[in-house]
Amino acid sequence: MIYTGREVSEFIAVPYETLMRWARQGLLNPEGGGRQRVKTYWHAKDVREASILTALRKAGLPLQKLTGVVAYLRTVGHNLLSSGEFLLVRARTGEPRDIVKFCTTREAISLLRKDTQGYLLFRLWSPPAKE
């Protein structure tokens with residue numbers, strides 16, 4: 001399904017101008033790029049990316065850090081924010097300390113911390129198999 005910028009703006013509760021500014025800055029990549037006087041189309045993956053970006057902003061992550069996260073994901077070849085699951089780690093003060101992207105069931109990467117670039121995941125407990 002294809003959405004307009006106004007529909008996406010309403011759906012994720014972000015002002016339309018903010019959404020289009022994020023597209024022009026390269027944080028989001030809808031078809032048409034968010035340029036003025038150019039029709040912009042939003043696909044499901046674009047809506048997911050915008051939703052995650054909005055959640056991270058509402059959690060207190062500065063736009064400058066988000067720009068760095070998106071740039072880092074592009075350099076390592078990950079599908080930006082449209083795939084995987086995310087975990088926001090907060091400091092005791094409540095400020096965002098790290099964002100962890102779960103890429104596969106066995107791999108996760110740190111998006112803010114530079115001292116540790118990855119996490120190895122393993123299951124501590126599994127529910128009993130149903131018979």
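Does A13 count as buried or exposed, and at what relative accessibility? At 55% relative accessibility, A13 counts as exposed, where exposed means over 50% relative accessible area, buried means under 20%, and partly exposed is in between (1.4 Å probe, protein chains only). Before we zoom in, know that this is a predicted model, in which local features need pLDDT of at least 70, side-chain atom pairs count only at pLDDT 80 or more, and totals for chains, interfaces and linings use all residues. Residues are numbered from 1 along each chain as its sequence is written, and side-chain values use heavy atoms, with hydrogens and water left out.

**View 1. The whole chain has four helices and four strands.** Starting at the N terminus, the elements run α-α-α-α-β-β-β-β. Helices (H or I, at least four residues) and strands (E, at least two) are DSSP runs, numbered from the N terminus. Of the 131 residues in the chain, 34% are buried. Now take the contacts between residues at least 6 apart in sequence: 40% of them join residues at least 24 apart. A contact here means heavy atoms within 4.5 Å.

**View 2. Helix α1 packs against helix α3.** Two packed helices are described by the angle between their axes and the distance between the axes. For α1 (residues 5-12) and α3 (residues 44-58), the angle is about 40 degrees and the axes are 10 Å apart. That angle makes α1 oblique to α3. The axes are lines fitted to C-alpha atoms, for helices over the stretch in contact, and angles run from 0 to 180 degrees between N-to-C directions. Under 35 degrees counts as roughly parallel, over 145 as roughly antiparallel, 65 to 115 as roughly perpendicular, and the rest as oblique. On the α1 side, V8, F11 and I12 make the contact, and they meet V47, A50, S51, T54 and K58 of α3.

**View 3. Helix α1 has a buried side and a face turned away from that side.** Its buried residues are G5, V8, S9 and I12. These four sit on the same side of α1, because they cover an arc of only 100 degrees around the axis; the arc is that of the directions from the helix axis to the C-beta atoms. What covers them includes α2 (16-24) and α3. The face turned away carries the exposed residues E10 and F11.

**View 4. A13 comes after α1.** You'll find A13 in the loop between α1 and α2. Its phi is near 60 degrees, a positive value in a residue other than glycine. A13 is touched by K58, and so is I12, not counting residues up to four places away in sequence. K58 itself lies in helix α3 and is exposed, with a relative accessible area of 60%.

**View 5. D46 in helix α3 is a buried residue.** Its relative accessibility is 3%. Leaving aside residues up to four places away in sequence, D46 touches N29, P30, E31 and Y41.

**View 6. D98 lies in strand β2 (residues 96-102).** With 1% relative accessibility, D98 counts as buried. Look for S110 too: D98 and S110 are 12 residues apart in sequence and 6.7 Å apart in space, C-alpha to C-alpha.
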